[in-house]
Amino acid sequence: MHYPSRRGFLCSLGGAALLPLARRERTAPEMILYNGNINTINDRQPRVQAVAIAGGRFLAVGTNDEVRPLADARTVRINLEGKTVVPGFIDAHTHPAVAGRLHLREVDCDLRSITEIQAAIRRRASETPTGTWVLGFKYDDTKTSEGRPLTRDDLDLAAPNHPVRVAHRGGHTAYVNSLALRLANVAENAPDPSGGRFDRDPATGRLTGRVSENATDVFDRIIPSTYTRDDYREGVKIISRMMTRAGITSVHDAYGSHDDLRAYQDARAAGELSFRVYCLIGYWNIDRMIAAGVRTGFGDEWVRVGAMKLTCDGSISERTARLSQPYVGRPDDYGILVMSEEELYVHARKAHEADWQIGMHANGDVAIDIVLRVYERLQRERPRRDPRFRIEHCTVVNDSLIGRMRALGVIPTPFSTYVYFHGEKMRHYGAERLNQMFAVRSFLDAGLRVTQNSDYPPGTFEPMMALQSSVTRTDMRGNVWGARQRVTVEEALRVGTINGAYASFEERIKGSIETNKLADLVVLGRDPLREDSSSLVNIPVERTMVGGRWVFES
Ligand SMILES: [Zn+2]
């Protein structure tokens, strides 16, 4: 989707690693969690029972006997009663700011029947002045029980006196009613715009209400944008609560703007930001940011400037990624490129020369090849020691592409929940190609630091679903897609935690439960390592902690 160390010297005391006493006064911990089954994702100390927390960081990590004596009278002691704890999850490609605004204003159409969608639209229309737009999002054409797409007639029945636009969760198509068509001056005989389509009933030629790609522009232009600065902040508050409930403690906003960056800061100042943000910046903003002397890493552990983001090709969920072999059943369709290699290079060079990290969206193998050529050229012309180039999505790969990624140390950010959640769309790619898609196994075997990524709203963001999807490669209906790319639960946990920290240059301060790292963790109802892989998705997230504070408690 394209919406837009402080590490001290460690010493050891009775086995429990502690902060150097000389650097920090000998303060007692504010909180101790003990009797836990704590999976630290730290190879040097993989399993512990207890952690002590002070100043938002882990003060000590070890056995009950090592950690409990550190408490004084004011220390809050929490008995985990054997519960499993893992580091907070890092969603390294998502669109939280824009998603939060959609949740604030629009009707969530992630519903399983057209009848339910109509009821939700009717309800919103009854609270909305006649003639004012009713907007919906997260509709998915392959997930309603009627087995047919939403039409203008469905929406007319729900809201005849309001213009209605319902966007697909993938973001490239929308469904409008008759009043919306009239207000946008789209007549029955209107020609399709270039790069877009007004769908028509093949029998009658009548507009169906489905509009795709550039044909959505005529509606976007007339729908008033009414988001205020407060709405931006409120959107961040809403989405950070939703995601921390699921166990996510850090996000990488994959296409942020300066307004989004301000919204995250406003939410933080208001005490409403419950996760940490690494905000990738859309390329159209880069000149201003370079001029201001800002680059990747600017900010702090709560709100930080991320990579510059560019987009090379289309989408997986809406079947427009640029592939070397055509889509199944559509022999002439190889998908689309949205930016040429030369254009990508010109933008990327500016960022590279200003020491920005770069993230380029490339789904299909053709697009990934182009992006790698740009990265290879940049390193040839101006080598940087640790650029941590990212390929956003990096969906369809092969051995040769992976070899080149390895040579550059590229970070891939594949969709983590798609096999499970979007399984019904996988047939467009075919079973064989699925063995080379969302290729977490191949990336890990090549030593690449692949991350966990939702792309929410197009994908779902629950880390437990990401675990099940990556471990089983099985969709909701039990179909297996690309079994060769299966990983173990332990590997999937690393992908979802420490690898995400590496992708934002923050592996020294988060991503594992280690002394002096940020106290970001999740308490789970059951241990993923002991769970049947077909029910990982059902493991309850009971509590989420960010910076030593509970941001969610069930
Ligand atoms: Zn995206």
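**Helix packing and strand neighbours in a predicted model**

Trainee: In this predicted model, at what angle do the axes of helix α2 (residues 96–105) and helix α7 (residues 229–245) cross?

Mentor: Two packed helices are described by the angle between their axes and the distance between the axes. For α2 and α7, the axes come within 7 Å. Their crossing angle is roughly 100 degrees.

Trainee: Which word describes how α2 lies relative to α7?

Mentor: The axes cross at roughly 100 degrees. Angles of 65 to 115 degrees count as roughly perpendicular. Therefore α2 is, relative to α7, roughly perpendicular.

Trainee: How do the residues of the contact of α2 with α7 divide?

Mentor: On the α2 side the contact includes P96, A99 and L104, and on the α7 side I238, I239 and M242 are among the residues. The division is eight nonpolar, three polar and four charged.

Trainee: How many residues of strand β18 (residues 276–282) are buried?

Mentor: In a regular strand the side chains alternate between the two faces of the sheet. In β18, R276, Y278, L280 and G282 point one way, V277, C279 and I281 point the other way, and all are buried. The count is seven of seven.

Methods: Residues are numbered from 1 along each chain as its sequence is written. This is a predicted model: local features need pLDDT of at least 70, side-chain atom pairs count only at pLDDT 80 or more; totals for chains, interfaces and linings use all residues. Side-chain values use heavy atoms; hydrogens and water are left out. Axes are lines fitted to C-alpha atoms, for helices over the stretch in contact, and angles run from 0 to 180 degrees between N-to-C directions. Helices (H or I, at least four residues) and strands (E, at least two) are DSSP runs, numbered from the N terminus. Angles under 35 degrees count as roughly parallel, over 145 as roughly antiparallel, 65 to 115 as roughly perpendicular and the rest as oblique. Contact means heavy atoms within 4.5 Å. Ala, Val, Leu, Ile, Met, Phe, Trp, Tyr, Cys and Pro count as nonpolar, Asp, Glu, Lys and Arg as charged, and the others, Gly among them, as polar. Buried means under 20% relative accessible area, exposed over 50%, partly exposed in between (1.4 Å probe, protein chains only).
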